[in-house]
Structure formats: structure tokens, C-alpha cells
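Here's a quick briefing to read with the structure open beside you.

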Amino acid sequence: MTAPAPVLSARDLRIVYRAPGAAAPVPVVEDVSFDLHPGRMLALVGESGCGKSVTAAALGGLLPRGMELASGRIDAAPGVLRAGRGLAYVFQDPGECLDPVFRVGRQIVEAMPPADRRHSADRLRALLVQVGFHDPDRVARSYPHQLSGGMQQRAMLAMALAGRPRILVADEPTTALDVTVQARLLRLLADLQRSGNLAVLLITHNLGVVAEVADDLLVMYAGRAVESGPVSLLSSPRHPYVEGLLRALPRLAPDAPPLEGIPGQVPALGRRPAGCPFHPRCPLARPGCATAVPHPTRGPAGHTVACHVRAFPSPSESTP
Ligand code: SF4
């Protein structure tokens with residue numbers, strides 16, 4: 001099935017950090033491109049420190065102090081790139097969105113556009129039911145501390161949806177929740193995205209989650225896109241980092257191979273090695289990997305990979 005036209009296109013994003021008094025800016029994200037489509041979920045995956053949250057923050061102009069979009073383009077329909085309206089965020093910590101001193105219902109109503117506030121009680125109830133509450137009136141009257149972690153997360157989702165966004169960015173929304181609540185929240189996100197024609201950008205370090213709910217995938221390492229395409233690429237990944245992430249996933253089968261972590265760590269900001277940033281940890285690294293940056297190569301069905309060893313052949317090479 002062909003994907004609908006994107007609601008947002010990000011091309012060649014380059015985000016830098018300027019430390020006070022530093023001579024030169026430090027690159028944080030480089031060469032990252034993706035599209036967000038209505039009714040589809042793109043998962044941005046990688047270990048902590050890979051640049052996922054910074055990339056998502058750039059979409060809504062929410063980059064942390066000292067960081068800036070140095071080059072690249074973000075194109076979207078008018079009004080889409082307004083954080084809180086066309087573009088809504090849900091974070092890992094409900095404390096970042098929910099104010100502890102106001103009732104949940106009031107906070108959701110305040111996030112509604114003016115036209116919806118005329119019928120705010122009905123709209124509030126509908127939103128709370130939409131995010132899976134069977135007792136919306138009680139939840140609306142509650143203060144955040146009277147709700148469990150999973151309920152707070154759903155209330156935050158209702159608040160994000162109150163602005164009728166076209167794009168929902170969910171940044172590690174389930175990390176602080178227990179496994180069953182995580183699964184319920186992710187299914188809810190997937191349902192909302194399909195029924196509401198939302199474009200969802202899910203940020204996560206957990207590839208296991210992605211296979212269940214996402215349509216498309218972009219894996220980042222040390223601020224660069226290493227592999228992307230439809231989520232089905234996980235059955236035959238090409239990049240050694242993605243293979244490593246998959247080997248590190250717990251499996252329940254009695255004959256499952258033992259878990260293997262990826263040796264080493266993601267380089268700290270400003271300490272990205274030359275060449276392929278993954279080369280100090282890569283089991284397939286060759287001498288050239290430490291000097292030349294691999295750029296994305298394109299394969300079938302929108303699958304791209306940035307790796308010297310596992311690159312897709314260029315069209316001229318693959319033509320007999
Ligand atoms: Fe490994 Fe080289 Fe590929 Fe980087 S370019 S992932 S170091 S094989």
C-alpha cells in the first residue's frame with residue numbers, strides 16, 4: 001500500500017551545541033532525514049545519547065539552551081509546527097506536563113483550542129474515554145497525584161490530543177511504567193494513530209516495542225541515522241548496530257541464544273570518533289571505517305543503511 005503524503009518532511013538535519021565560550025560548535029545530530037505520514041507511526045530508536053530526543057525537539061522549536069538547527073529543512077503544512085497545537089508532545093515523566101496543583105480535567109480543557117472550549121465538558125469526557133478511562137468524570141476531578149503512573153500517562157495523552165494535533169511526538173512514554181501498562185499504552189497510541197489519522201513519532205531505546213506497534217523505523221547512533229525503512233526490516237537488518245540491538249533483546253523461548261550486549265558505550269557529546277561513529281564497537285569494522293563516514297545507501301522498499309561493509313550496491317553496480 002502506498003503511504004499517504006507526509007505531513008512533515010525533515011531533510012539533512014544538522015543540530016549543533018554551542019557551549020558558552022567554546023571556540024567551535026559541537027555537532028549533535030548530522031544528516032538525519034525522515035518523513036511523518038498521517039495514520040503511521042515512525043519509531044526513532046537508539047541507546048540513550050544517540051540524539052533521538054534532540055531530533056524530536058527540533059521539530060517543535062524546543063531545542064535545549066545552547067543547541068540550534070544549523071542546517072537542513074523541516075517542511076510541514078501551515079500551523080503544523082506549533083508545539084501544543086499542530087504538534088503535541090508526550091514525555092516519559094508526567095511531571096513535565098501535568099501541574100500537581102490543578103485538577104486533571106482543568107488542565108486538559110486549557111489545552112483545547114478556543115472553538116472546543118464552548119463544549120468543553122463533552123469534549124473533555126470524550127478525550128478521557130478515547131484514552132481508555134471508563135470513569136472520565138472521576139479522573140477529570142482528580143489531582144495528578146491521585147492517579148497511578150499509567151493513568152497519569154493517559155491523562156497526559158488526553159492533554160496532548162486536546163489541541164487536535166496532526167503530529168504526536170511520544171518521547172519514551174512508557175519507560176517508567178511496568179510492562180503490562182507499557183503494552184496497553186503502546187496499543188492505545190497505535191489505535192489513536194490509525195483511527196485519528198495522526199502521525200506519531202515514537203522515541204524509544206527498546207526495539208522490542210517497535211516491532212509491535214510501529215510502521216516505520218529510523219535507528220540512530222551517535223547523532224547519525226544508521227538504518228531506516230519499514231519496520232519489517234527488523235527481520236533482515238543490515239547495520240551491525242541494529243543487529244547488536246536485536247541480539248540484546250530478551251527472548252522467552254527455552255532454546256533462545258544467550259543475551260549479548262553491545263560492548264562499549266555511545267560516545268559522549270563532542271567525543272564522536274572520526275569515520276563511522278560505531279567503529280570502536282563494531283565487530284565488522286575495517287581500517288577504512290575509522291576514517292570515512294558512511295552515508296546512507298538506498299535499497300528496496302525504502303530501506304536505507306549507512307555502513308561501508310553492508311551498503312546497498314549503487315544502481316550502476318547492480319545492473320548486469
Ligand atoms: Fe561497522 Fe564499518 Fe559498518 Fe561502521 S561502516 S558499522 S564500523 S562495518
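A residue is called buried under 20% relative accessible area, exposed over 50%, and partly exposed in between, using a 1.4 Å probe and protein chains only. Asp-31 is a handy case: at 28% relative accessibility, Asp-31 counts as partly exposed.

Bear in mind that this is a predicted model, where local features need pLDDT of at least 70, side-chain atom pairs count only at pLDDT 80 or more, and totals for chains, interfaces and linings use all residues. Residues are numbered from 1 along each chain as its sequence is written, and side-chain values use heavy atoms, with hydrogens and water left out.

- Asp-31 sits in strand S2 (residues 26-36); helices (H or I, at least four residues) and strands (E, at least two) are DSSP runs, numbered from the N terminus.
- Although Asp-31 is not a glycine, it has a positive phi of about 60°.
- Ala-301 also has a positive phi without being a glycine, with a value near 55°.
- You'll find Ala-301 in the loop between S10 and strand S11 (304-305), and at 67% relative accessibility Ala-301 counts as exposed.

**Aromatic pairs**

- A search of the whole structure turns up 4 aromatic pairs. Rings of Phe, Tyr and Trp (its six-membered ring) pair if their centres lie within 6.5 Å; planes under 30 degrees apart count as stacked, over 60 as edge-to-face and the rest as tilted.
- Tyr-89 and Phe-91 are stacked, because their ring centres are 5.7 Å apart and their planes are at 5°.
- Within that pair, Tyr-89 is buried at 11% relative accessible area, whereas Phe-91 is partly exposed at 21%.
- Tyr-241 and Phe-278 pair edge-to-face, with 5.2 Å from centre to centre and 65° between the planes.
- Tyr-241 is buried at 0% relative accessibility, and Phe-278 is buried at 2%.
- Ring pairs also join Tyr-221, Tyr-241 and Phe-278 into a cluster.

**Arginines over rings**

- Arg-154 lies over the face of Phe-133, 4.4 Å from the ring centre. For a charge to sit over a ring, NZ of Lys or CZ of Arg has to be within 6 Å of the ring centre and within 35 degrees of the ring normal.
- Arg-238 does this with Phe-312, lying over its face at 4.0 Å from the ring centre.

- How many of the 8 residues of H9 are buried? The count is 6, so H9 is largely enclosed by the rest of the structure.
- The buried residues of H9 are Pro-240, Tyr-241, Val-242, Gly-244, Leu-245 and Leu-246.
- Their cover includes strand S3 (41-45), helix H8 (207-213), strand S8 (216-221) and strand S9 (224-230), with contact meaning heavy atoms within 4.5 Å.

**Helix packing around H6**

- Helix H4 (residues 120-130) and helix H6 (residues 149-162) have axes that come within 9 Å and cross at roughly 130°. Axes here are lines fitted to C-alpha atoms, for helices over the stretch in contact, and angles run from 0 to 180 degrees between N-to-C directions.
- The contact is made by Arg-123, Leu-127, Leu-128 and Gln-130 of H4 and Ala-158, Leu-161 and Ala-162 of H6.
- H6 and H7 pack at an angle of about 15°, with their axes 10 Å apart, and are therefore roughly parallel to each other.
- On the H6 side, the residues making contact with H7 include Arg-154 and Leu-161; on the H7 side they include Leu-185 and Leu-188.

**Two buried spots**

- Gln-193 is in helix H7 (residues 179-196) and counts as buried at 0% relative accessibility.
- Beyond its neighbours within four places in sequence, Gln-193 is in contact with Gly-39, Arg-40, Met-41, Leu-198, Val-200 and Asp-215.
- Leu-87 belongs to strand S5 (residues 87-90) and is buried, with a relative accessible area of 0%.
- From C-alpha to C-alpha, Leu-87 and Leu-98 are 17 Å apart in space, and they are 11 residues apart in sequence.

How values were computed. Parallel < 35°, antiparallel > 145°, perpendicular 65-115°, else oblique.
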